[in-house]
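Reader: Please show me how to read a structure like this one, feature by feature, with the general idea given before the particular case.

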Amino acid sequence: MTSAVSFSGVSRHFGNVRAVDGVDLDIAEGEFFAMLGPSGSGKTTCLRLIAGFERPTAGDIRLFGQSVADVPPYRRAVNTVFQDYALFPHLNVLDNVAYGLMIAGVPKPERRRRAEEALAMMALPGYGARKPSELSGGQRQRVALARALVNRPRVLLLDEPLGALDLKLREQMQDELKALQRKLGITFVFVTHDQGEALSMADRVAVFSDGRIQQVGAPSEVYGRPRTRFVADFVGGSNVLPPALTALFGGPPVWASLRPEALHLRPPESARIIGTVTGTRYLGSATRLVVDLGAGASPDGRNDIAVLVPGGHPVPDPGVRVGLGWDQGAVHPMAAE
Ligand code: ATP
């Protein structure tokens with residue numbers, strides 16, 4: 001099947017900053033694809049390359065099998081929703097939504113009908129006459145989505161679209177976006193630095209670091225079997241074990257990841273691995289402990305390990321000695337550094 005978006009060897013350099021550095025990527029039609037990574041890792045630049053706001057320094061980008069090297073942004077079957085919504089403050093909601101159709105020369109009655117349809121789809125019927133300043137953050141976000149969808153793009157690009165919303169509204173919008181994408185069946189490419197958001201919404205996640213993709217996979221793969229130390233650490237804060245610690249936990253002497261929730265406290269007298277609690281952090285549904293395994297555990301001095309204690313279980317104080325057990329198969333050797 002032809003990919004909706006395809007990058008081969010794509011780079012975008014600004015002077016000596018390698019914003020995007022040799023990226024190969026295929027996004028399937030109808031996929032909800034997340035680009036996840038820390039600030040400055042190149043996600044937004046990738047989105048701008050797809051939209052045509054940037055041109056690659058090297059490599060080729062295809063949309064639905066066609067190279068878009070010479071296709072200007074307005075001729076591409078994509079639309080972007082920006083983090084700050086970029087609504088026109090002087091236009092009312094209906095005119096904001098219909099703006100792209102006006103530019104495209106769609107006659108006024110059809111413009112109006114399609115804009116009203118898009119607002120109804122985003123659960124905003126009857127809001128057409130308001131100005132953006134008369135809406136809540138969540139409503140403005142929906143207007144921005146309606147404005148992008150009214151042009152019937154085949155790919156919707158979303159650049160941190162929920163970043164400005166509070167936690168509860170963000171979670172609600174995550175569910176709504178996911179449902180909308182399922183209903184419309186169009187390809188969503190979603191940029192975020194929030195791993196929870198990427199894992200909960202996307203069919204596949206690409207993890208970016210320094211302009212490169214470290215790993216692409218289903219959320220459960222990226223979370224459960226990180227390929228590199230960076231992915232293990234960035235996606236959900238896994239323990240990254242140096243070879244000596246991996247061996248202590250029964251694995252081969254290579255770098256490995258071990259999730260804090262796969263570790264369990266045991267009475268020290270019945271455990272093979274013993275350490276001392278050095279810190280506790282209450283997270284609401286669980287408490288994250290840091291356990292020092294002692295100077296002899298690993299020659300490079302990385303002897304701390306995080307353990308997640310589920311809510312309702314007793315939490316030992318700093319200074320207490322604890323034994324550790326772990327789930328079968330929880331130690332994942334990593335293929336690359
Ligand atoms: P954020 O989450 O903060 O938006 P990001 O992962 O989207 O980060 P990009 O915006 O793609 O990262 O930026 C990648 C790198 O390229 C950064 O170092 C940034 O400073 C640099 N960069 C981006 N655009 C330009 C530009 N027009 N000129 C010079 N450098 C740029």
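Author: Helices (H or I, at least four residues) and strands (E, at least two) are DSSP runs, numbered from the N terminus. Just after the helix α1, Gly-52 takes a positive phi of about 95°. The model is predicted, so to speak of local features a pLDDT of at least 70 is needed and side-chain atom pairs count only at pLDDT 80 or more, while totals for chains, interfaces and linings use all residues. Residues are numbered from 1 along each chain as its sequence is written, and side-chain values use heavy atoms, with hydrogens and water left out.

Reader: How many helices and strands does the chain have, and what does the C-alpha trace span along its principal axes?

Author: There are nine helices and 18 strands in the chain, and its C-alpha trace spans about 80 × 45 × 35 Å along the principal axes. Burial is read from relative accessible area: buried means under 20%, exposed over 50%, and partly exposed in between, with a 1.4 Å probe and protein chains only. By that reading, 48% of the 337 residues of the chain count as buried.

Reader: Which residues of α1 are buried?

Author: The helix is mostly covered, with seven of its nine residues buried, namely Lys-43, Thr-45, Cys-46, Leu-47, Leu-49, Ile-50 and Ala-51.

Reader: Which residues are around the ligand?

Author: A residue is near a molecule if one of its heavy atoms lies within 4 Å of it. Here the residues around the ligand are Phe-14, Val-17, Ala-19, Pro-38, Ser-39, Gly-40, Ser-41, Gly-42, Lys-43, Thr-44, Thr-45 and Glu-160. The helix α1 gives the most to this shell, with three residues.

Reader: Which polar atom of Ser-41 is 2.9 Å from an oxygen atom of the ligand, backbone or side-chain?

Author: A polar contact is a pair of N or O atoms within 3.5 Å; within protein, one must be able to donate a hydrogen and the other to accept it, and residues adjacent in sequence count only if both atoms are side-chain atoms. For Ser-41 it is a polar backbone atom that is 2.9 Å from an oxygen atom of the ligand, whereas for Lys-43 an N or O atom of the side chain is 2.9 Å from a ligand oxygen. A polar side-chain atom of Thr-44 lies 2.6 Å from an oxygen atom of the ligand. Accessible areas come from the Shrake-Rupley method with a 1.4 Å probe, and for residues only the protein chains shown count as cover. Taken alone the ligand exposes 640 Å², of which the protein buries 59%.

Reader: Is Glu-54 buried or exposed, and what does its side chain make a polar contact with?

Author: Glu-54, in the loop between α1 and β4 (58–63), counts as buried because its relative accessible area is 13%. Its side chain makes a polar contact of 3.1 Å with the side chain of Arg-12. Contact in the wider sense means heavy atoms within 4.5 Å, and, not counting residues up to four places away in sequence, Glu-54 touches Arg-12, Phe-14, Arg-48 and Leu-49.

Reader: Which residues of the largest nonpolar core touch the most other members?

Author: A nonpolar core is a set of buried Ala, Val, Leu, Ile, Met, Phe, Trp, Tyr and Cys residues joined through side-chain atoms within 4.5 Å. In the largest, which has 44 residues, those touching the most other members are Val-97, Leu-145, Leu-156, Leu-158, Leu-177 and Phe-188. Helix α4 (residues 137–149) supplies the largest share of this core, six residues. Leu-177 touches Phe-32, Leu-145, Leu-158, Leu-162, Phe-188, Phe-190 and Met-201, leaving out residues up to four places away in sequence. A second, separate core has 26 residues, among them Val-20, Leu-63, Val-68 and Phe-208.

Reader: Where is Arg-147 placed, and why does Arg-147 count as buried?

Author: Arg-147 is in helix α4, and it counts as buried because its relative accessibility is 15%. Apart from neighbours within four places in sequence, Arg-147 is in contact with Tyr-85, Ala-86, Leu-87, Phe-88, Asn-96 and Val-97.

Reader: What phi does Phe-64 have?

Author: Most residues other than glycine have a negative phi. Phe-64 is not a glycine, yet has a positive phi of about 50°, and Arg-152, also not a glycine, has a positive phi of about 50°. Phe-64 sits in the loop between β4 and β5 (66–67) and is buried, because its relative accessible area is 15%. Arg-152 sits in the loop between α4 and β7 (155–159) and is exposed, because its relative accessible area is 53%.
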